[in-house]
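Please read the following note alongside the sequence and the model, taking the points in order.

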Amino acid sequence: TDLFLIDLATRRLRRLTNDQFADVQPAWSPDGRSIAFATDRFSTRLRDLRWGALQVAVIALDSGTISPIGATAVTAQRDPAWSPDGSNVFFVGDRGNNRIVILDQEGNYLDQWKQFSRPSGIYIDKDDNIYVADSESESVTRTHDGWKRGIRIGSARDGSVKYFIPDPVEKAPSTSAAEGVAVDAQGNVYGAEVGPRALKRYVRK
């Protein structure tokens with residue numbers, strides 16, 4: 001998979017990556033100059049058919065240079081999100097270990113949050129609200145029983161969880177509820193559901 005950038009005004013398409021690696025889950029930097037994304041390009045060995053773990057990288061839009069964040073990841077790093085203040089602190093989903101890992105620009109470990117359950121998708125808005133989607137607890141994985149699938153909403157400043165949007169399906173044999181999450185300017189929450197192949201909008205009342 002590759003990354004593309006489209007100008008909505010001119011419909012002009014720009015290809016950002018062009019290779020055989022997986023480049024997924026892009027996230028704009030607050031200043032609009034870079035995009036963080038998850039990629040296996042630093043650990044996959046195509047010649048040996050050895051598939052590596054996803055790791056966070058950043059592409060500079062002016063030069064096209066791709067740089068990894070820190071050393072090669074031991075566990076998969078998913079769905080990077082920038083801190084809204086532009087300090088280049090990354091909130092990364094470590095779904096295999098049921099946690100969000102917080103890294104600095106060099107990839108150094110700062111903290112971990114487990115209160116947002118098993119993160120499949122992360123979104124942070126301009127007001128430092130963090131939205132975390134869990135599509136696998138008590139379904140795909142049986143090592144996280146007792147946690148409900150859905151979208152948890154909290155503070156990216158202190159890690160407190162304030163709201164919860166539950167999976168509409170109470171019991172599921174496979175991935176269910178939102179795996180990707182985003183929020184529009186009006187505060188509506190969107191959940192991209194891989195298993196049901198659906199997009200749901202949640203409106204706050």
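This is a predicted model: local features need pLDDT of at least 70, side-chain atom pairs count only at pLDDT 80 or more; totals for chains, interfaces and linings use all residues.

1. Residues are numbered from 1 along each chain as its sequence is written, and side-chain values use heavy atoms, with hydrogens and water left out.

2. The largest nonpolar core has 12 residues in all, among them Phe91, Trp113, Phe116 and Ile124; such a core is a set of buried Ala, Val, Leu, Ile, Met, Phe, Trp, Tyr and Cys residues joined through side-chain atoms within 4.5 Å, where buried means under 20% relative accessible area, exposed over 50% and partly exposed in between (1.4 Å probe, protein chains only). At least two residues of this core come from each of β9 (99-103), β11 (121-124) and β12 (129-134), strands being DSSP runs (E, at least two residues) numbered from the N terminus.

3. Apart from neighbours within four places in sequence, Ile124 is in contact (heavy atoms within 4.5 Å) with residues including Ala81, Trp82, Phe91 and Ala156. Trp82 itself is listed, with Ala27, Ala36 and Val92, in a second, separate core of 10 residues.

4. Phe4 lies in strand β1 (residues 4-6) and is partly exposed, at a relative accessible area of 43%.

5. Arg45, in the loop between β4 (34-39) and β5 (55-60), is partly exposed at 38% relative accessible area. Arg45 and Phe21 are 24 residues apart in sequence, and their C-alpha atoms are 9.7 Å apart in space.

Note on methods. Helices (H or I, at least four residues) and strands (E, at least two) are DSSP runs, numbered from the N terminus.
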